[in-house]
Amino acid sequence: QVQLAESGGGLVQPGGSLRLSCAASGSILNIYTMGWYRQVPGNQRELVAEITSNGITNYADSVKGRFTISRDNAAKTVYLQMNSLKPEDTAVYYCSAEVLTYERSRHESWGQGTQVTISS
């Protein structure tokens, strides 16, 4: 039983900023890589950014220099700071976490998704 609760999505004008948060809870012994994905209708779900337990980050080319992923291990939370937003950033954003549970299951857990809309 692992839950990822996302927040921070909404409607923003081009050039604006949003900060997404995702807090993990449940039977979690450890969290390894955490990440953010996004999906537009008709497209495949794509990786936006990910961060390892040691703080190593990886970004999609389309968001480099604009988005920043970070995490608070004590709070079991991953963040995505999104700046200089463009209409093409519009999508449903999903957070993910590779978790080790107290039941000794190591797997990837997903959030429910939060809508981000960039429009004038």
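Modeller: Before we start, a residue is called buried when its relative accessible area is under 20%, exposed when over 50%, and partly exposed in between, using a 1.4 Å probe and protein chains only. The model is predicted, so local features need pLDDT of at least 70 and side-chain atom pairs count only at pLDDT 80 or more, while totals for chains, interfaces and linings use all residues. Residues are numbered from 1 along each chain as its sequence is written, and side-chain values use heavy atoms, with hydrogens and water left out.

Colleague: How many helices and how many strands does the chain have?
Modeller: Helices (H or I, at least four residues) and strands (E, at least two) are DSSP runs, numbered from the N terminus. From that end, the order of elements is β-β-β-β-β-β-β-β-β-β-β. The count is zero helices and 11 strands.

Colleague: What is the radius of gyration of the chain?
Modeller: This radius is taken over C-alpha atoms, and the globule rule is 2.2 Å times the number of residues to the power 0.38. The C-alpha trace spans about 45 × 25 × 25 Å along its principal axes. For 120 residues, the rule gives a value near 14 Å for a compact globule, and the chain agrees with 14 Å.

Colleague: Is Gly111 buried or exposed?
Modeller: Gly111 sits in the loop between S10 and S11. With contact meaning heavy atoms within 4.5 Å, Gly111 touches Leu4, Glu6, Tyr94 and Cys95, not counting residues up to four places away in sequence. Its relative accessibility is 12%, and therefore Gly111 counts as buried.

Colleague: How far apart in space are Gly111 and Cys95, C-alpha to C-alpha?
Modeller: Cys95 is one of the residues that Gly111 touches. In sequence the two are 16 residues apart. In space, C-alpha to C-alpha, their separation is 5.3 Å.

Colleague: What is the relative accessible area of Ser21?
Modeller: Ser21 is in strand S3. Leaving aside neighbours within four places in sequence, Ser21 is in contact with Ala5, Glu6, Ser7, Trp36, Val78 and Tyr79. Ser21 is buried, and its relative accessible area is 18%.

Colleague: Is Lys76 buried or partly exposed?
Modeller: Lys76 lies in the loop between strand S7 (67-72) and strand S8 (77-82). Most residues other than glycine have a negative phi. Lys76 is not a glycine, yet has a positive phi of about 55 degrees. At a relative accessible area of 29%, Lys76 is partly exposed.

Colleague: What is the phi of Arg104?
Modeller: Arg104 is in the loop between strand S9 (91-101) and strand S10 (106-110). Arg104 is exposed, with a relative accessible area of 77%. Although Arg104 is not a glycine, its phi is positive, at about 70 degrees.

Colleague: What percentage of the residues of the chain count as buried?
Modeller: Gly111 and Ser21 are among the buried residues. Of the 120 residues of the chain, the buried share is 42%.
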